[in-house]
Amino acid sequence: MTRMMISSNSSIIRVLAIVRKDIGVWLRQPTSIAATVLPAIAFMVILYFGAQAVGRNPVALVVLDSGPHAQELVNILSHSDAFKITMMTTSPEKAEEALKQLKVAAVITIPNNFDAAYNSQKPDPVTIHINNLNLDFTNDLRRSLPAAITVFYADKTSSNGKTSPIQIHVKETDLRTQDIDLLRFELVPNLVLLLTTAGIVNAGLATAREWEDSTIKELLLAPISKMSLIVGKLLSGWLTTLLIAAVVLLVGAVSGYLRPEGPIYWISTLVIVLLIALASAGLGVAIGAAARRFQRVTAIGIPLSIDLFFLSGGITVAAFLPTWLQTIAHFVPTFYGTHALQTAIFYSSTEGLALDLSVLAGTSLVAGTLGVLSLRRSMLA
Amino acid sequence: MHILKMSPAYRFISVIWAMALKDIKSTLTERAFMLTSIIIPINFLLLFLLFALTGGQAPTAVVLKDNGPYAQQLLSAMEHSHSFIILQTTASDAQNLMQKGQIVAIVTVPANFDAALKHGSQVELPVVVNNLDVDFTNDIRRAVPLAITSFYADAFPNQVVVRAHEIDIYSQDTGYVQYLVVGLMVVSVMLGGLLQAGSNAAREYEKGTIKELMLAPASPWAIQVGKILGAVILNSLSVAVVVIVIVFLIGVWPMHWGELLGFVLLLMITFVAAGALIGTLIRRRQAVIPLSIGLSIPVFFISGAFGPAIWGDPITAAVAQLQPVYYGIAVFQHAFHNFTTTSTGPRVDGFILIGFAAVMVTVSAIALGRNRGRGVAH
């Protein structure tokens, strides 16, 4: 009994020695840290600029009628959140020149008989001249003018005192308790990207380093079991990943951007983070042992993390992807991690948590086993 | 002939060719990395295309409890609103699809829809929204009322007389994917160039061969130009694959082939020179990959890949105009679609790119030359 305890204590000490060595080396390698955080930072920059630019194309407004209805429409168009009026003029030529010089994406013209046509209930077209370079923002502009006309009619009490002619009223029911803005929503897949990159790259580099620096010979000749070495490698990859996760979660909680409400959701968030980090570290050890070279680890690890990021929703919302792509996403473990974190952090919900946790636990087990097998095989070789 | 006995011009060219050949041979011995440098840009191209597939249209179930003509007209208005991917289904199927996350909204047209409208009474249109994030949710919130107004303009033209009359500059619309792949091609050329040349340059420091190069009786300009030439030749493999995917697989055919090939070469020189500079400065191949990816992604996003950059935030647009990807996307848009996407126009953009290429080659050669002046330590 005593001998067993001593043996297990010395195994723990050996494992911890490997962990301490790997973390110490990692902290002295700024390039490893850069490799870990750069892709996530790059995507954060993208999201920031993306959130600023969403659907706000510059538009010129030509107003040829000064009647009250025309002015009302001008007012609605000026406050549209679908585009920004950067030029308001009474000169169609000036606006068309701005369109030609790419200063604006479209020219909206309110004709000189707008009020007269409206009052006499005759067709009253408002023209939009669009630089239709691509369907995405062209459709934004196509939607924006009818949307403004919708507001125009919704606010309307016509001249004869009748209310708006539109009798259909939308009754909206939201499935979620709150709306989350784009930037905040995308922080979660970005956190998952950071965890997968950190796990794969850090554990991968720590493992490959032993071959790159030829220290694997010393480790194999040292009086420690192969299992201690494998567990140490896995544990160090896991801990470095968790270290990064802790920093992000702390900043997120303090700033309020990533703050789960209540202990249950904190616990589920932490369990999900632990599982993603473990799965990534396992995969990293597997890649590191198979590749045995720094360059190969980064060349495989970073694109792989980015692939997982994109396929789990990434910079968009998975529910808006085509069905075939959603089907593929359901085979990507990080999809479940992203879903579980979003529901816990933003919606204080455990919807689908059992499935998410099962998939992540299964993935951690498979990745860990893969790491153990790959490292064992490489050590034997 | 001994190198010192050659004429200076011949010696310069010989060094360039020898360097290019050496780098090509060295890279060919590292097949795994070579394959990766071809795969990574293609991988990016395909991943970002996934982003384009969302296209801003909300997958929406419409439950028609009334099949009258007005209900059908409302459905048609929704289908033509450029906002929804419509799936007409039953209430229970719609709930199932919502639970599976395959749709984001359910619009239910009530049983009394036609009757209420015929009598001029109010009718409620229930809309259930999976309000996942505010950007996508607001698209749905805006799109339903505009579909209703469009419906009224068709069904009751005497009541809703104000309509949008659209005139387009180009006779036909260009799909989002067709537009986006052009920007993706530029970033693929950038990524491939940075990876290839950056690794080639850093390899000299990792293996210590930079000392021999610096002690050789050759100009650092010739050495760096040779390294750039070698990387351009190697990078052309990755670029060729990207062009094949875009033209033959995705089906985006360039309108001006000559322009495309000329600008591809110019961009390859620019980014390969930038990669050689990065490799010379950071001296570690391990850091070249994350730095190249970390640099390419944000630059791609701010440079007008999704639409003219000058229509976006003014500060971002000003920053974008300080680097070559902005002009690269503009000249490629012209070569592929005959589009003008910058206020300067494709001709001036081309000259600016020539300037960037010259500056990059010069700076990278100076950076290498400074190693000789200071002595190399790695």
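Let's start with chain B: a compact globule of 378 residues would have a radius of gyration near 21 Å, but chain B has 28 Å. That radius is taken over C-alpha atoms, and the globule rule is 2.2 Å times the number of residues to the power 0.38. Along the principal axes, the C-alpha trace of chain B spans about 100 × 40 × 35 Å.

Before going further, some housekeeping. This is a predicted model, in which local features need pLDDT of at least 70 and side-chain atom pairs count only at pLDDT 80 or more, while totals for chains, interfaces and linings use all residues. Residues are numbered from 1 along each chain as its sequence is written, and chains are lettered from A and ligands numbered from 1 in the order in which they are written.

On to confidence. The model scores ipTM 0.82 and pTM 0.82. Chain B averages a pLDDT of 88, and 96% of its residues score at least 70; pLDDT is the predictor's confidence in each residue, from 0 to 100. Which elements of chain B have the lowest and the highest mean pLDDT? Helix H2 (residues 31-54) has the lowest, 78, and helix H13 (residues 324-337) the highest, 96. As a reminder, where pLDDT is low, the predicted coordinates should not be read in detail.

Now the layout of chain B. There are 14 helices and five strands; these are DSSP runs, with helices being H or I of at least four residues and strands E of at least two, numbered from the N terminus. The domain assignment gives domain 1 (3-51 + 173-374) and domain 2 (56-155), with bounds that come from an automatic or database domain assignment. How far apart do the C-alpha centres of these two domains of chain B lie? They lie 48 Å apart.

Chain A next. Its secondary structure also comes to 14 helices and five strands. Chain A is divided into domain 1 (13-50 + 182-380) and domain 2 (56-154), and 49 Å separate the centres of those domains, taken over C-alpha atoms. The radius of gyration of chain A is 29 Å, whereas a compact globule of 381 residues would have one near 21 Å. Its C-alpha atoms fill a box of roughly 100 × 45 × 40 Å, taken along the principal axes.

What about burial? In chain A, 50% of the 381 residues count as buried, and in chain B buried residues make up 51% of the 378. A residue is buried if 20 or more other C-beta atoms lie within 10 Å of its own, exposed if 12 or fewer, and partly exposed in between, with C-beta atoms placed from the backbone.

Contacts tell us how each chain folds back on itself in sequence terms. Two residues are in contact if their C-beta atoms, placed from the backbone, lie within 7 Å. Among contacts in chain A between residues at least 6 apart in sequence, 80% join residues at least 24 apart. For chain B, residues 24 or more positions apart account for 81% of the contacts with a separation of 6 or more.

Let me zoom in on helix H10 of chain A, residues 263-291. At 1.5 Å a residue, its 29 residues should span 42 Å, and the end C-alpha atoms are 41 Å apart, which agrees; the expected span is 1.5 Å times one less than the number of residues. Why is H10(A) described as largely enclosed by the rest of the structure? Because 21 of its 29 residues are buried. Just after H10(A), A:Arg292 takes a positive phi of about 60°.

Two single residues are worth a look on the screen. B:Phe263 lies in helix H10 (residues 257-282) of chain B and is buried, with 24 other C-beta atoms within 10 Å. Beyond its neighbours within four places in sequence, B:Phe263 is in contact with B:Val331, B:Phe332, B:Ala335, B:Gly350 and B:Leu353. In chain A, A:Val332 sits in the loop between helix H12 (323-329) and helix H13 (333-345). A:Val332 counts as buried, with 20 C-beta neighbours inside 10 Å.

Finally, the contact between the chains: it takes 92 residues from chain B and 88 residues from chain A. On the chain B side, the largest share, 13 residues, comes from H6(B).
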